[in-house]
Every structure is written in structure tokens, then in C-alpha cells.
Amino acid sequence: VTMIAPYAFQYSQIPHISIPSTVTKIGKYAFAYSGLTTLDFANEHNSKLELIEQFAFRQCNVEKVVLPDSVKFTASEYSHFFECYNLKSFTFGASVTVIPRNIFGDCFALEEVIFQEGLEHIQYMFATSSLATRGEMTQVKSLHIPASVKLIDEYAAQSFSMMETLSFAPNSMLETIGKGAFKYCFSLKTIVNLPSSIATIGEEAFYDCSSLEALDMGSLA
């Protein structure tokens, strides 16, 4: 098997699936609205999977996802795991350079997001029609930004309202924190290693971060 076609398992009630390492592409809506609870990628570090299309896993019941190192995204892609209400943990692979838009839309149970070095661009990860409702956000408590990230885009993590700690790797190459990037992060208390490489902090970047106790900007150029 080298491709799982669009809509291939949509509405199926298969609870577990292991994606063979030979698969290179998972089409749009391939597992959407299915009963899938456990998703494994065989031979994770030697998988040939590169492309996962939009809404491929929409409204699945998976709780944990670890992407193969081979998977890549483009800036124009979006909403791959939209409305996965039970998703708690997500790990991106080593080939990911850009986080797709709204990849975690309405994933209200999300507790952990792990990025790898090599990531350069974080687009807005979570969007919902209920952004004005403070209770309907992710459950992520901490977020670590790799040194390779150069751009945190507009509204990238605006809905991470339970996040208490935002940390940046030493020797960060971050240049821009976009408009509203951490807006409504009500629980954010600590920012660790704010990079000296930052040239621009956008409008409302930390708007209503009402729990923030200290922010050392002395190192910024």
C-alpha cells in the first residue's frame, strides 16, 4: 500500500489502525468521522509518509499522535485533526518546518504539543467559533519553542488559555512574534529565555495575559 485515498475510511468504526511504512500519502477526509481511537505509524523513523491532506482525521477519537519523521506540511494546509475532541498529546516529526493552520481546531482536550528542531514557522494552531468563551480552549500547560523557529505567526497560540509556561530554547533564531500570537493566554505566568534575536513583537501579542508575573526584555535589540 502506497496511498490511502480520500474518504477511504470515512465513517468507518475501526478502532485501531497501523499505517504501513510504505504509505506516502493519506488523502483528505481519509479517516474523518470514524471510530478510530488508536493510530500508529509503523516503523516511525523510517516511514515514507510525507503528505497528510486536509481534514484527514477530522473528528476522530484518537488521544495520542506521534507523526513519522518523514511527514511534511506546507503553509497553505490546514485542519488535519480538526474536531478531534479526545486528542491529548501530539508530537510533530523531524521534517516538519511549518505548523499548518488550525491543525488542532476545536481539540479542547489537548494537553501536550511537542515540536522538533528544524521547525521554522508556527501558524495559528487552534481556532474555534467560541474564542470569546474563555472555558473552551486547549489544556496545554507548557509550550517549548525550538531554537530553529524564526516566525510565530498571528494568533499562533491565542487559545492556549491554560498554558502557564512558555519557554524558548537557548540560541533561538526567533525573529518575529506576530499579532495576537499569545492573546488570551490567561494562565501564562512565566516566559523562559525570551530570545535576544527578536526584532518584532506584534500588536496584542500578549494581550490579556493577566497572570504574567515578569518579562525581561532587556536582552532585546
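Trainee: How far is the sulfur of C107 from the closest cysteine sulfur?

Mentor: A disulfide is a covalent bond between the sulfur atoms of two cysteines. Here the term is applied to a pair of cysteine sulfur atoms within 2.5 Å. The closest cysteine sulfur to that of C107 belongs to C84 and is 5.2 Å away, which is too far for a bond. C209 is likewise in no disulfide, since the nearest cysteine sulfur, that of C185, lies 5.0 Å from it. By this rule the count comes to 0 disulfides.

Trainee: What kind of model is this, and which residues may I use for local features?

Mentor: This is a predicted model, in which local features need pLDDT of at least 70 and side-chain atom pairs count only at pLDDT 80 or more, whereas totals for chains, interfaces and linings use all residues. Residues are numbered from 1 along each chain as its sequence is written, and side-chain values use heavy atoms, with hydrogens and water left out.

Trainee: Is C107 buried or exposed?

Mentor: Buried means under 20% relative accessible area, exposed means over 50%, and partly exposed covers what is in between, with a 1.4 Å probe and protein chains only. C107 has a relative accessible area of 0% and is therefore buried, and C209 is also buried, with a value of 10%.

Trainee: In which sense do β2 and strand β4 pair?

Mentor: Strands of a sheet pair through backbone hydrogen bonds, either parallel or antiparallel. Two strands are taken to pair if DSSP finds at least two bridges between them. β2 and β4 (residues 38–41) pair in the parallel sense over 4 bridges, and H16 stands opposite T38 in β4. β11 (residues 142–145) and β13 (residues 165–168) also pair in the parallel sense over 4 bridges, with S142 opposite T165 in β13. β13 in turn pairs with β15 (residues 190–192) in the parallel sense over 3 bridges, where S167 stands opposite V192.

Trainee: What is the strand order in the open sheet of 3 strands?

Mentor: The order is β6-β7-β9, with parallel pairing. β6 (64–66) and β9 (112–114) stand at the edges with a single partner strand each, so one side of each is left without a neighbour in the sheet. The twist averages 5° from one strand to the next, where axes are lines fitted to C-alpha atoms (for helices, over the stretch in contact) and angles run from 0 to 180 degrees between N-to-C directions. Within this sheet, β7 (residues 89–91) and β9 pair over 3 bridges, and F90 stands opposite V113 in β9.

Trainee: And what is the order in the open sheet of 5 strands?

Mentor: That order is β8-β10-β12-β14-β16, again with parallel pairing. Its edge strands are β8 (98–99) and β16, each of which pairs on one side only. β10 (residues 121–122) and β12 pair over 2 bridges, and the bridge partner of H121 in β12 is L151.

Trainee: What is the phi of Y155?

Mentor: Most residues other than glycine have a negative phi. Y155 is not a glycine, yet it has a positive phi of about 60°. Y155 lies in the loop between β12 (151–152) and β13, and is partly exposed, with a relative accessible area of 24%. D208, another residue other than glycine, has a positive phi near 60°; it lies in the segment after β16 and is partly exposed at 26%.
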